[in-house]
Amino acid sequence: MPRLFISAGEASGDLHASHLIAELRKLDSAVEVTFLGGDLMARAAGTEPLIHYRDMAFMGFSEVLRNIHRLGRNLATARRAITARRPDAVILVDYPGFNLRLARHAAAIGIPVFYYIPPKVWAWKEYRVKQLKKYSKAIFCLLPFEPEFYGRHGFDAAIYAGNPSLEEVDRRLSTLPTRDQFIADHNLTGRPILALVPGSRIGEIRNNLPVMTAVAARHPDLQAVVAGAPGIDIALYRRYTTLPIVDNATFDLMAHSVAALVTSGTASLEAALIGTPQVVLYRANGSRLSYNLFKRILKIDHVSLPNLIAGHEIVPEMLLHHCNPDDVDAALTPLLNPASPALRAQLDGYRQMRERLGTGSMAATAAAAILNSLS
């Protein structure tokens, strides 16, 4: 009976790891899982988490600093569990500041480590490649260019296993409510919809939603609707906008919109896979100095997932001081014209991106590889 320890420290990791657990149990129903994660993993594993990600998901320097003692206790608890239970393998999902420490501990006591969705070391903190190479038996990547990146660092055990967003998007498109039903469910009008997707973190909403709202005001023919993220109080959005808010239905909103303004992240990839024209925004403090520092630190030419996957710009990226109503609107307006070359180029780019992602199931591929390596 394979015994596995899985660590996922935030909501996205909980989702991806739950699919992996389901695939592992399809292949071997006797798989026993101890994990750090959330409710989705608990449902798939049939047991509660050792630590819930709600007590782990701290973002940003100040928030991490305020919770440093709790993070230390979480790490100690996880290390003790690995030592005591001696699992056949440790599987880590992103969350590098915490998980790389677990990787070091597991490797030191002879337990093989698999990294399922590694941190984006190709973008920044490239020095972490050495740690991944030293501690990981294999890495399962969700972006097709990542194995080549690791290969340049002399690490050949990085595998592109498919992208889970592609599977999830296609599944959800097959069960999408009709536009009329969506409008009725959320008390919207029949006007064309402009989706405003300001992110899932308080800082992202604070920085990006005012810009999105200002741009929306320039298009009175459209019905601008804000995507409310799970766990975020509606009162936070009301500090920055009076526009209608659709709570916890971002996917359906983007699918029924003629265009979207999206804070850089997974939502930008989902919009591209759905086929919704979009402009990507990321303001932070919005200064030109921050922009120049940002460009120096990053090791990549683009930040949005559609552009990274395609290998060239298919989605306009309005970052930091470029994230202002004038620049964002200048990028959005051509995408609202069905005959514009900008729109045709973006939709062609979406098709190219889909082809690069392929059709494989990431969770199924990784599950089979992990269990085969343990047999």
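The legends below concern a predicted model.

**Figure 1. Setting of Ser136 in the protein chain.** Ser136 is placed in a loop. This loop runs between helix H6, residues 128-135, and strand E6, residues 138-141. In total, the protein chain holds 18 helices and 13 strands.

**Figure 2. Surroundings of the Ser136 side chain.** Ser136 has a relative accessibility of 8% and counts as buried, because the cut-off for a buried residue is under 20%. A polar atom of the Ser136 side chain lies 3.0 Å from the backbone oxygen of Leu132. When neighbours within four places in sequence are left aside, Ser136 is in contact with Val113, Tyr115 and Phe155.

**Figure 3. Packing of the protein chain.** The radius of gyration of the protein chain is 21 Å, which agrees with the value near 21 Å for a compact globule of 375 residues. The C-alpha trace spans about 60 × 45 × 40 Å along its principal axes. Of the 375 residues, 52% are buried. Among contacts with a separation of 6 or more, 63% are between residues 24 or more positions apart.

Methods. Residues numbered from 1 in each chain as written. Predicted model: local features only at pLDDT ≥ 70, side-chain atom pairs only at ≥ 80, totals over all residues. Heavy atoms only, no water. Helix = DSSP H or I, 4+ residues; strand = E, 2+ residues; numbered from the N terminus. Rg over C-alpha atoms; globule rule 2.2 N^0.38 Å. Buried < 20%, exposed > 50% of the residue type's maximum accessible area, 1.4 Å probe, protein only. Contact = heavy atoms within 4.5 Å. Polar contact = N/O pair within 3.5 Å; in protein donor to acceptor, adjacent residues only side chain to side chain.
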